[in-house]
Amino acid sequence: MKPLYLASGSPRRRELLTQIGVSFTAIGADIDETPLDHETPSAYVERLARGKAEAGRRALDAGMDGCVLGADTAVVLDGRILGKPVDQADSMTMLLSLSGREHDVLTAIAILDGQRCESRVVRSRVRFRSITEQEAAAYWASGEPRDKAGGYGIQGLGAVFVAGLEGSYSAVVGLPLCETAELLGHFGIPCWQTLSAR
């Protein structure tokens, strides 16, 4: 079985891969995440996932074999990508724009082994309850929104805003586990590895 490298600094993605019993090594993969002109949100997240996998592959020492998994998540409202908030005002504007509405969360995954690259884009629909300005300010003060796409984390304190979810919970967190397991299988990397090690 080829070793797997996760090209991500996200602790949430590491936790999710560990959850399904996959052994991996986390590596860095910094790329330019600026959207291209006229690029759709779906094309954007898929390009970034593939770009991170490619950057991770380049970071490996020459002669190292293995598969690299890249992923990217975007929160999309009215066709517009909401990135990570730059400051409190930006965070509050994002949250209040999501308040009482539905939005899409797109997560792309890509696996690269040097010969081929396969990718998937998973779309989930999230519905927020109404959020007050005081709640948005208190949420910013918690520190959680600072590094989150769309300014919230469904797996943390931001869960209180989520009134409904249609799609993949793990994809909204940052890694769609069903689709990830399927792609890993295409590259001969099984889930539940830790079970057979017992």
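Lys148 is buried, with a relative accessible area of 11%; buried means under 20% relative accessible area, exposed over 50%, and partly exposed in between, computed with a 1.4 Å probe on protein chains only. The model is predicted, so local features need pLDDT of at least 70 and side-chain atom pairs count only at pLDDT 80 or more, while totals for chains, interfaces and linings use all residues. Residues are numbered from 1 along each chain as its sequence is written, and side-chain values use heavy atoms, with hydrogens and water left out.

Lys148 is located in the loop between helix 4 (133-141) and strand 7 (162-166). Helices (H or I, at least four residues) and strands (E, at least two) are DSSP runs, numbered from the N terminus. A polar atom of the Lys148 side chain lies 3.2 Å from the backbone oxygen of Glu144. The side chain of Lys148 also makes a polar contact with the side chain of Asp147, at 2.9 Å. A polar contact is a pair of N or O atoms within 3.5 Å; within protein, one must be able to donate a hydrogen and the other to accept it, and residues adjacent in sequence count only if both atoms are side-chain atoms. Lys148 and Asp147 form a salt bridge as well, with the closest N and O atoms 2.9 Å apart; the term denotes a side-chain nitrogen of Lys or Arg within 4 Å of a carboxyl oxygen of Asp or Glu. Asp147 is partly exposed, at 37% relative accessibility.

With neighbours within four places in sequence left aside, Lys148 is in contact (heavy atoms within 4.5 Å) with Arg12, Gly83, Lys84, Pro85, Gly153 and Gln155. Arg12 belongs to helix 1 and is buried, with a relative accessible area of 16%. The C-alpha atoms of Arg12 and Leu95 are 21 Å apart in space, and the two residues are 83 residues apart in sequence.

The structure holds 14 salt bridges. One of them joins the side chains of Asp72 and Lys52, at 2.9 Å from N to O. Asp72 lies in strand 3 (residues 67-77) and Lys52 in helix 2 (residues 41-59), so this pair ties together parts that are 20 residues apart in sequence. Both partners are buried: Asp72 at 5% relative accessibility and Lys52 with a relative accessible area of 9%. Another salt bridge, at 2.6 Å from N to O, is made by the side chains of Glu118 and Arg116. Here Glu118 is buried at 18%, whereas Arg116 is partly exposed at 34%. Salt bridges link Lys2, Asp113, Arg116 and Glu118 in a network.

The largest pocket has a volume of about 690 Å³. Among its 34 lining residues, Arg13, Lys52, Asp72, Lys84 and Asp147 are the closest to its centre. On a 1 Å grid over the protein atoms alone, a pocket is an open set of points where a 1.4 Å probe fits, with protein on both sides within 12 Å along at least five of seven lines; lining residues have an atom within 4 Å of a point. Grid points are joined across faces, edges and corners, and the volume is the space filled by probe spheres set on the points. Helix 1 (11-19), helix 2, strand 3, strand 4 (80-82) and helix 5 (169-173) each supply at least two lining residues. Strand 3 gives the largest share, four residues. The lining divides into 16 nonpolar, nine polar and nine charged residues, where Ala, Val, Leu, Ile, Met, Phe, Trp, Tyr, Cys and Pro count as nonpolar, Asp, Glu, Lys and Arg as charged, and the others, Gly among them, as polar.
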